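Let's take a walk through a protein model together, one piece at a time.

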Amino acid sequence: MAIPGRAPQKRHRHGQWLIVCVASSVFATCFCQWGRSARLRPSSSTRGLRVVSTATAANEGCALLGRTPEVLAKDASRLLEEVADVTMSTGFETGLSRALQAARAVAGTAAEVAREPPSQLDEAFAARILRQLFERLGATYVKLGQFVASSPTLFPAVYVKEFQQCLDSSTTVPFTEVKKIIEQELGQPVDKVFSYLDPVPLAAASIAQVHAARLLSGEEVVVKVQKPGIEEVLKTDLGFVYLAARVLEFINPELNSRGSLADIASDLRVSMLGELDFREEQRNLDVFRSFLEEYNLTAVAVAPKPYAEASSRRVLTMERLTGVALVDLEGIKRYTTDPEQTLVNALNVWSLSVQSCEFFHADVHAGNLLVLEDGRVGFIDFGIVGRLSPTMATGIDNLNVALAAGDAKGMANALISMGATVGEVDEAAFAADIQKLIDRLGTSMDGNSTEVAVDESQIQDIVLDIAQVAGNNGLKLPREFGLLIKQSLYFDRYTKLLAPDLQMMSDDRISKLGKGEPVQEVEAEAVPSE
């Protein structure tokens, strides 16, 4: 989608290099087994490390790397220590297994390219091949691909769009294995916790699968069970992603000009490994349910109740919510006489959570918002949440005030307050570009559209447009901003479907961000089912 305004500058530098890191890590996984040997020999390491001897022999600073031989030697020593630490911590068996799998995945992808050579070697081709490679590599890389797809403020548009198609083709684990994990984690036989546990999973993904069950006390629940061995695989893969980032930084320190590439990889590593502890998701559910109670929202919304006594680090047992997706208009009409009010309820709850909860639900696609049989809105799957810093929260408030007033300059100022800048940002030029974007989006998103489907690709395009306008003006917006805008756009699409005449900026039923003080209560009643 063409972007109005000035010619694009170089942008998404870290995003491009982080993608290179991930690709490099695949090959690093194939060849880094030497790091587990008793001694590490610098002469057998990477090209970046061989520069040490060359630069030292020359006894002068390296113009390319901008470091003296002493600094270069110190950096090389630190890198070797990290290589040793990461490779030793992953375990030889898992590392070797992943190395063989990576080699097969690379060979399979190469063979596919050889069978169907591209007509043009461009970035779109590279993105497609990398996405196919990620799918072959499995759990870790599928999740990395999903991270790329959900981070339009970090990665180039061509990769974000391509990784929207990243498929999780994970196989299911046999029920005997699932049962064994549950019993190990809960410390007692399955029949001491559940009166029924469906052996056929409701769903399966990279790191876990979900089974329907019934507690001994009679509650209908779903049980999320982590797959065996997945923790070792993620630790190994993410360790090599981190090492690839460190090697690239070593070779080209200029990559740190806008923050450490390795720090980004490290944060990603910590975040993804954190997802393996289901107690964190259990805590998210508890926090969100407390938020609903504190703001008197339980009449209009609900999140699944977690059952701590039937949960652990690798098992999460939750209340089973039954209903229809927020885009199923005919299904919604079975449970409520006023779909428009149901949408207002969902929007108000989510908007208030952005302001007043410690996190907001950052994946409100139709599958994660249900209209329940009692007319309430069910928020499910708290695997992806966003957290706003005080600075960003203030910026969001100011942005909404400016948006309501149609003040492009105010929007530019609010966005600048939230993002990282490279040099000085021309606020007037930025405001002009924002105005052009708003004018164009106003045409493509008007209320006369007859489409009833929620077009996720169009939502992603809009987020990419916003990120690119910011990037063209020397501004790098945080990932949380992209998540926030994407959820807002989901609600805009739901409005087109459920309440085409609703004016979101002026309807008094809608609690707005940016009013200067938090909304204390959403004044809406659940509509009883027919």
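**A walk through the fold**

Start with phenylalanine 481: setting aside its neighbours within four places in sequence, this residue is in contact with Met392, Ile396, Leu399, Leu415, Met418 and Ile466. Keep in mind as you look around that this is a predicted model.

Together with Phe288, Phe481 has the most contacts inside the largest nonpolar core, which has 109 residues. Which helix gives this core its largest share? That is helix H18, residues 479-498, with ten residues. Apart from this core lies another one, made up of 17 residues, including Val173, Ile181, Ala213 and Leu215.

Stay with H18 for a moment. Of its 20 residues, 17 are buried, so the helix is mostly covered, where buried means under 20% relative accessible area. What about its length? At 1.5 Å a residue, the 20 residues of H18 should span 28 Å, and the C-alpha atoms at its ends are 29 Å apart, which agrees.

Now step back to take in the whole chain. There are 18 helices and 13 strands in the protein chain, and 51% of its 530 residues count as buried. The accessible surface comes to about 24,300 Å², with 52% of that belonging to carbon and sulfur atoms. If you take the contacts with a separation of 6 or more, 71% of them are between residues 24 or more positions apart.

Glycine 419 gives you a local example of parts of the chain coming together. This glycine has its place in the loop between helix H15 (408-418) and strand E12 (420-421). Glycine 419 and alanine 470 are 51 residues apart in sequence, yet their C-alpha atoms are 9.0 Å apart in space. Leaving out neighbours within four places in sequence, the contacts of glycine 419 are Leu475, Lys476, Leu477 and Pro478.

On to the strands. Strands of a sheet pair through backbone hydrogen bonds, either parallel or antiparallel. E5 runs parallel to strand E10 (residues 377-379), and two bridges join them. Look for alanine 301, which stands opposite valine 377 in E10.

Another group of strands gathers around strand E3 (residues 208-215). Is E3 mostly enclosed or open? Six of its eight residues are buried, so E3 is largely enclosed by the rest of the structure. Strand E1 (residues 194-197) pairs with E3 in the antiparallel sense over three bridges, and tyrosine 196 stands opposite arginine 214 in E3. Strand E2 (residues 203-204) also runs antiparallel to E3, joined by two bridges; here alanine 204 has glutamine 209 as its bridge partner in E3. E2 and E3 form a hairpin, with three residues between them.

Follow the chain on from E3 and you reach strand E4 (residues 220-226), which pairs with E3 in the antiparallel sense over seven bridges. Arginine 214 turns up again here, standing opposite glutamate 220 in E4. E3 and E4 form a hairpin too, with four residues between them, and glycine 218 in the turn has a positive phi of about 105°.

That brings us to backbone angles. Most residues other than glycine have a negative phi. You'll find asparagine 296 in the loop between helix H11 (278-294) and E5, where it counts as partly exposed at 46% relative accessibility. Aspartate 381 is not a glycine either, and has a positive phi of about 65°. Aspartate 381 lies in the loop between E10 and strand E11 (385-386), and with a relative accessible area of 39% it is partly exposed.

Finally, how confident is the predictor? The protein chain averages a pLDDT of 75, and 70% of the residues score at least 70. Over residues 1-11, pLDDT stays under 50, and the model has 31 contacts beyond four places in sequence for this stretch. Residues 512-530 also stay under 50, with 51 contacts beyond four places in sequence in the model.

Key. Residues numbered from 1 in each chain as written. Predicted model: local features only at pLDDT ≥ 70, side-chain atom pairs only at ≥ 80, totals over all residues. Heavy atoms only, no water. Core = buried A, V, L, I, M, F, W, Y, C linked by side-chain atoms within 4.5 Å. Buried < 20%, exposed > 50% of the residue type's maximum accessible area, 1.4 Å probe, protein only. Contact = heavy atoms within 4.5 Å. Areas by Shrake-Rupley, 256 points an atom, 1.4 Å probe, with all protein chains shown as cover. Expected span 1.5 Å × (residues − 1). Pairing = 2+ DSSP bridges. pLDDT = per-residue confidence, 0-100.
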